[in-house]
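My notes follow in the order I took them.

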Amino acid sequence: SSWYGAYSIPDPVFERSLADAVTRLLSYDLRIWLVIDTPNGRQFDPIVEYEKDPHAPRFGTLAQASYRERSERELTLFRRIAGDDRRINIIDPSIALCGRTECAGGKDSAVWYRDDDHLTNAGAQAARAQFEPIFEERRR
């Protein structure tokens, strides 16, 4: 579940609740994958970009530095919860969705977002490699 909007400022109650949920799941000897939220914002909404210029729509972008600044809270929290427990993995889909300087809303003719923060199938396919280890492990 995406929680960036709910976690726009440090929230000790939320952090404790998430840590408690992870601890409960670990008590069942489960593996856990904490997923950092994808880059998001109105600039990724294809309708917004289309309305800017219907004759030459393009993909919106976000400076990677801006995304990193926002996602750093999630990463810090996830690392604190994970500690050195090897059953907890952190997945960062932005590795597949962002280049060195910016995060894009698509590539070539593939639109990666259906609105400002939900991936299309093409977007999920673009980020697929980040999730492959989960499924590879299940196949063993």
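**Entry 1: positive phi**

I looked up aspartate 29 and got a relative accessibility of 57%, so aspartate 29 counts as exposed, given that the exposed class begins over 50%. I note here that the model is predicted. Aspartate 29 sits in the loop that runs between α1 and β1. I checked its backbone and found phi near 60°, a positive value in a residue that is not glycine.

I then looked at aspartate 108, where phi is near 55°, again positive in a residue other than glycine. I placed aspartate 108 in the loop between β5 (106-107) and β6. Its relative accessible area is 71%, and I put it down as exposed.

**Entry 2: overall layout**

I counted 5 helices and 6 strands in the protein. Reading along the sequence, I wrote the order down as α-β-α-β-α-β-α-β-β-β-α. The C-alpha trace spans about 55 × 40 × 25 Å along its principal axes. Of the 140 residues in the protein, 34% are buried. I also looked at contacts with a separation of 6 or more, and residues 24 or more positions apart account for 71% of them.

**Entry 3: helix α1**

I took α1 next, which covers residues 12-27 and has 16 residues. From first C-alpha to last it reaches 22 Å, close to the 22 Å expected at 1.5 Å a residue. At the N-terminal end I found a cap: a side-chain oxygen of aspartate 11 lies 3.0 Å from the backbone nitrogen of valine 13. Past the helix comes aspartate 29, the residue with positive phi from my opening entry.

Which residues of α1 are buried? I listed Glu15, Leu18, Ala19, Val22 and Leu26. Seen down the axis of α1, these buried residues fall within an arc of 95°, so they line one face of the helix. On the other side of α1 I found Val13, Arg24 and Ser27 exposed. I looked for what covers the buried residues of α1, and the cover includes β1 (32-35), α3 (64-82) and β3 (88-91).

**Entry 4**

In β1 I followed the side chains and saw them alternate. I checked the pairing of β1 with β3 and found it parallel, over 4 bridges. Leucine 34 stands opposite isoleucine 90 of β3.

I listed the contacts of leucine 34, leaving aside neighbours within four places in sequence: Val22, Phe78, Ile81, Ile88, Asn89, Ile90 and Ile91.

Which members of the largest nonpolar core touch the most other members? Among its 21 residues, I found these to be Val22, Leu34, Ile81 and Ile88. I noted that α1, β1 and α3 each supply at least two residues of this core. The largest share, 6 residues, comes from α3.

**Entry 5: arginine 68**

I found arginine 68 in helix α3. Its relative accessibility is 27%, and I recorded it as partly exposed. Leaving aside neighbours within four places in sequence, arginine 68 is in contact with Asp92 and Ser94. I looked at the side chains and found a polar contact of 3.1 Å between arginine 68 and aspartate 92. Another polar contact, of 2.7 Å, joins the side chains of arginine 68 and serine 94. I also took the C-alpha separation of arginine 68 and lysine 107, which are 39 residues apart along the chain, and got 20 Å.

**Entry 6: aspartate 115**

Is aspartate 115 buried or exposed? I got a relative accessible area of 18%, so aspartate 115 is buried, the limit being under 20%. I located aspartate 115 in the loop between β6 (110-111) and α5 (121-139). Its side chain makes a polar contact of 3.5 Å with the side chain of arginine 114. A polar atom of the aspartate 115 side chain also lies 3.1 Å from the backbone nitrogen of aspartate 117. Not counting residues up to four places away in sequence, I found aspartate 115 touching Phe44, Asp45 and Pro46.

Methods
Residues numbered from 1 in each chain as written. Predicted model: local features only at pLDDT ≥ 70, side-chain atom pairs only at ≥ 80, totals over all residues. Heavy atoms only, no water. Expected span 1.5 Å × (residues − 1). Buried < 20%, exposed > 50% of the residue type's maximum accessible area, 1.4 Å probe, protein only. Arc of directions from axis to C-beta. Contact = heavy atoms within 4.5 Å. Polar contact = N/O pair within 3.5 Å; in protein donor to acceptor, adjacent residues only side chain to side chain. Core = buried A, V, L, I, M, F, W, Y, C linked by side-chain atoms within 4.5 Å. Pairing = 2+ DSSP bridges.
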